[in-house]
There are 2 protein chains.
Amino acid sequence: MDPRHAILFEPVTIGPKTLPNRFYQVPHASGFGSIKPRTQAAFRAIKAEGGWGGVCVEYAPVSRDADEVPAVAANMWDDADARGLALTAEAVHSHGALAGLELYHGGASSLNGESRAVRIAPSQLASQIQFASLAKEMTAADIARVQREWAEAARRGRDAGFDIIYVYGAHGYLFTQFMSPVTNRRTDGYGGSVAGRGRFWMETLEAVRSAVGGDCAVATRICVHGAGGLPGIDIEETLELVKMADDLVDLWDLTVGSWPEDSGTSRFYPEGSQRPWSHRVREATAKPIVAVGRYSSPDLMAEIVRSGAVDLIGAARQAIADPFLPRKIAEGRLDEIRECTGSNVCILREEAFNHVGCVQNATAGEEYRRGWHPEMFSRAANPGLAVLVVGAGPAGMECAVVLGRRGFSAVHLVEAEAEIGGRLRWTRRLPTLGDWGRITDWRAVQLGKLPGVEVITGRRLSAADVLGYGADIVVIATGSSWRGDGVQPGRVDRISGAGLAQVLTPEQVAAGKRPAGRNVIVYDTDGYYVAPGVAELLAGEDFSVTVVTTFPVLSPVSDETLEGEMLRADVHRRGIGVRRGLTITGIEVGSVRGHDEYGEPWSAECDAVVLVTQQASDDRLYRELTGDEAALARAGIQAVHVIGDAVAPRIISEAIFDGHRLGREIDRPDPSQPAPYRREHPDLTPGR
Amino acid sequence: MDPRHAILFEPVTIGPKTLPNRFYQVPHASGFGSIKPRTQAAFRAIKAEGGWGGVCVEYAPVSRDADEVPAVAANMWDDADARGLALTAEAVHSHGALAGLELYHGGASSLNGESRAVRIAPSQLASQIQFASLAKEMTAADIARVQREWAEAARRGRDAGFDIIYVYGAHGYLFTQFMSPVTNRRTDGYGGSVAGRGRFWMETLEAVRSAVGGDCAVATRICVHGAGGLPGIDIEETLELVKMADDLVDLWDLTVGSWPEDSGTSRFYPEGSQRPWSHRVREATAKPIVAVGRYSSPDLMAEIVRSGAVDLIGAARQAIADPFLPRKIAEGRLDEIRECTGSNVCILREEAFNHVGCVQNATAGEEYRRGWHPEMFSRAANPGLAVLVVGAGPAGMECAVVLGRRGFSAVHLVEAEAEIGGRLRWTRRLPTLGDWGRITDWRAVQLGKLPGVEVITGRRLSAADVLGYGADIVVIATGSSWRGDGVQPGRVDRISGAGLAQVLTPEQVAAGKRPAGRNVIVYDTDGYYVAPGVAELLAGEDFSVTVVTTFPVLSPVSDETLEGEMLRADVHRRGIGVRRGLTITGIEVGSVRGHDEYGEPWSAECDAVVLVTQQASDDRLYRELTGDEAALARAGIQAVHVIGDAVAPRIISEAIFDGHRLGREIDRPDPSQPAPYRREHPDLTPGR
């Protein structure tokens, strides 16, 4: 270990408990909640195994009117919930870490999709989540009931083995709704002054401390500045609240601003962007503080601990990207740290109520169901076979790394271009997307360390080349490319005029080809980062750019990565026009035409069009090879597999997952099909 | 029974099985799938008990790449799934009905949020559901595998006790993707001609028939016309397909058009709108046919059976609204039939991945967890107490019905206006919303039948009136109204100028108040039916109307009721302008001003503004009464409850649910809090 990092491995006492070190996985969603307790336990335990001294589960509703269905939460409503979550506490303990439970109430933000309960709030509010539907103003009885349920859930959590019990006060949920003067208009002693607005939170802290304070550390997560997106609370008021509650709190867990700001993507927020606010909390407390910042640099982590501003390095996304980050620091294996890209694919999956996933770490969430460990790889049954991986994009790079780790001694990763990375070669050069390059960078380093893997660039292989290569197994990872042929989703006919010289694909633009005139339309039917990225690239070169999209908003996928609002503001700030709900059906010299969402004709002048319409797998090599089984047999090739975008163009995380999976399962009977995974089922035992 | 309806109670043989009558609950989603097997079983069994001769569960994925997470499906992937769903087959059988299992593959529409599998499709397609992500073109091995998995799932279904096994071929899913020449571009014998495009479906029918054909009826659900929203299949081609497959099929289950068309709301589709297409299928087959049409009229049902066009009356929404429809027809209790409103609240809840719900039938989905039966009511513990229900809107009407059925002998339902219905008085008079009036109409009839309930209209009660009324229990159901004070969601400041004479509320417009000038802006921050309804009302009177909305689309909630696209087309057709992404912050004589989504200033001229911004509970009476406990005690009032929009303004279904719940639980210790409901938990048994 670098001695400068030793400070990160000091134990920290929080109330009656002691964390073994300063690495702390703050609560974050997983898609497992209390409905997949074994998957949850394995997902959290791997972080404890990787060295995180504190590991928390996600938000854990205390009340039926804090029901998060259809989102997946760790309900703590009854003893059956507690029995399930106890598996996590036990698994985390087995690796010497402390387990945290983030007890929660969403108030007006609760979804109540299962319970059908009326939502509650300090004042009667229109919801920003459920339209056409308002919340009930909480009565005194409601306040007392929620506090009682919080204390009951805390005792349940303690009995289930949790060491740290939260009073969750951040992110625009119930306590923040009480604390914001905008959402709290009460006149009954729970509103008005800071003390009044903070009273519900204070009383709940007291109730929880009284319920479990001798047995568990009591943590609270607060929004230091910006009130979780609600207006009206700034840092000065927070410091007052912290002083007011400090005796009741063993650990302060800090967030800043709204969720999209606090979990800001790398496009818009650098590492540690929260520091100007979170580091001021020390002014108000000497108790342990944990703050996040998408930290992946051990030097920076040590520096901020040394500064005294925080005691624990909090992480959600970085702990998903690399559960073994603490151990790698402890062992001085810094170049093995898988840095979070800050692309929020984890949140994209969680926001859509899916099983968690990570672009950097394909094993995230697969610990139980597929038995995948992020750092351990079983030796393959066939490691002596020579494997040729064609294409060093995300899928090919990942597959080669996994094959190397599984003991294959002759893996050749052959790339046609001069550098590896596939689509990341140009994606990482789009404005604001630089950190996505970490996907390539990490794999480039690991590939260099694997003695069984050789990376060959600048060599484009034909089918004949592959047949003559001498490989036993061939993995095709040739990716995909943007169709410039006018095919677009949901339409029979192609865009006429797509073959004109003024029509470009994103790859052509990325490769340096530029329109002749200045007036450019970027036509988007894809919905994610490519169209705004290309538009920003061209706008930065003084082209006059308008994005025309079929969607009702620019880049709807970016809403699921929490980037939508800021991406649109950024595009607007750069002077890019946006026209929504429009379909282009024809291109002529100097103009495009089509129709609006009602089918009314529409046209616009332009010098050039970039078609971000639809991708197609570059699978010609795969088809040529598999189309001639006799030739494969003659060449001694036992199997030809295809992975990543060459199977189907998808977002990068799925290509990497695909490559990883094939690497893990290449010695199974039929590696083309994913092995069945373990599932969790409802309890049918009579009487339960 | 009316003898004209006797034909509906004839048994119908389908392959090796016989349905006891012609009432058939077609497969439809519930939110229970295979994750809440007991809730599922009770939800389906109540329909069998109510007289439906065939009862099906929802779509049941056969493959891991037909994973519907985050939506809730009845997975049939392994024996544990089958054990759970067997509860439904058993429960349905216990009432003498047949149980159907709709085996399913979504192809390019699958979500795969849990499995992370690549989506498969006949050709590589951009998904209209998952953006930025395409499907894999199925190989011959994929085709064979899906067919094998279908047969395995069919055997599992048979062993679980299901009588009817589906090959689901409708609604834009995998088979429709094969059948549409737009989505199927294959050249390998599974594309091209009708026979080629239908081959995958035919082979799967053969595989299922061969797997279970002697033991189960084989049903197939097809889209007769419009290919489930995919272009390219019309009725003539369907007739060809039906003839081709007729030997393999025991029951033809018909849909028409896209899902939003087939499950069309009453706003845009009358009862039986599918008939022009579905009734032509008889030309191609003599086998039993089931078709839907949101039928609630027994005369019409008998007429279409008598015509020979169909053999079974299919229902999804009507069977949710009234599980006992068949028995009510059999017993001649036609005025007790709860007619579906066609508002698609069931789909709104299901589309958002929630527990099912129904505006007409508050017990839908509550059979297991709350033990509610749609027709049976336990006698209350306190039926001799006099109950005063103040307000005959949705919540008050429903509560009074339930109290009457629970044996209360002195329930007074007192309404201030001249007619009952609450907000439905004006809502049902908005263009296209007439069928929502069924909510009031059904309750008006039932209230008239209950000897213990008296309805009094035209009497507005003050707190003093209530105290002097002589009631033991008071239920406040005074509803809510639209704020005209400029308060809007998510903003501190009110809209300036909201007090000007040219500013109207929706209720004022509904009550006949009209703007002075012709140029009207309807400002919508609510997101559902009120703003377009008011706009259409005014546009019909030759006002020039523009809807200005903060949302990126007009009426986002209507997308969840499947109405969004047709509502927007309807608004456009009526000449109403729509300006999106705009916030109004001030109103002056002759204009409004505000800003766009980027914060750029915006203004527009207008003569008048209707503010569809935010509602407020009309709870003054409740607050006055509960604010003086001594007066309540003096008056002998034991309890004052509040229900419906007076608690929190919500959509009508939730107000009705609220009123129903209080009626069911009014004799519990604390009726203000919903009783805990039974839940289903994951199985923690070691080894399972």
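## Close-up views of the interface between chains A and B

**View 1. Salt bridges link the two chains in this predicted model.** Between chain B and chain A the count is 12 salt bridges. One salt bridge joins the side chains of A:Asp78 and B:Arg679, at 2.9 Å from N to O.

**View 2. Helices and strands of chain B face chain A.** Two or more residues each come from helix 1 (37-49), helix 2 (79-93), helix 3 (140-159), helix 20 (564-573) and helix 23 (652-665) of chain B. Strand 7 (136-137) and strand 26 (615-617) of chain B do likewise. Helix 2 of chain B gives the largest share, 5 residues. By residue class, the side of chain B that touches chain A holds 42 nonpolar, 22 polar and 29 charged residues.

**View 3. The extent of the contact between chain B and chain A.** On chain B, 93 residues are in contact with 93 residues of chain A. The size of an interface is often given as the accessible area lost when the parts come together. Here the area buried between chain B and chain A is about 7500 Å². Carbon and sulfur atoms give 49% of this area.

**View 4. Chain B laid on chain A.**

Conventions:
Residues are numbered from 1 along each chain as its sequence is written. Chains are lettered from A and ligands numbered from 1 in the order in which they are written. This is a predicted model: local features need pLDDT of at least 70, side-chain atom pairs count only at pLDDT 80 or more; totals for chains, interfaces and linings use all residues. Side-chain values use heavy atoms; hydrogens and water are left out. Contact means heavy atoms within 4.5 Å. Buried area is the accessible area (1.4 Å probe) that two parts lose on being put together, summed over both. A salt bridge is a side-chain nitrogen of Lys or Arg within 4 Å of a carboxyl oxygen of Asp or Glu. Helices (H or I, at least four residues) and strands (E, at least two) are DSSP runs, numbered from the N terminus. Ala, Val, Leu, Ile, Met, Phe, Trp, Tyr, Cys and Pro count as nonpolar, Asp, Glu, Lys and Arg as charged, and the others, Gly among them, as polar. Copies are superposed by least squares on the C-alpha atoms of residues with pLDDT of at least 70 in both.
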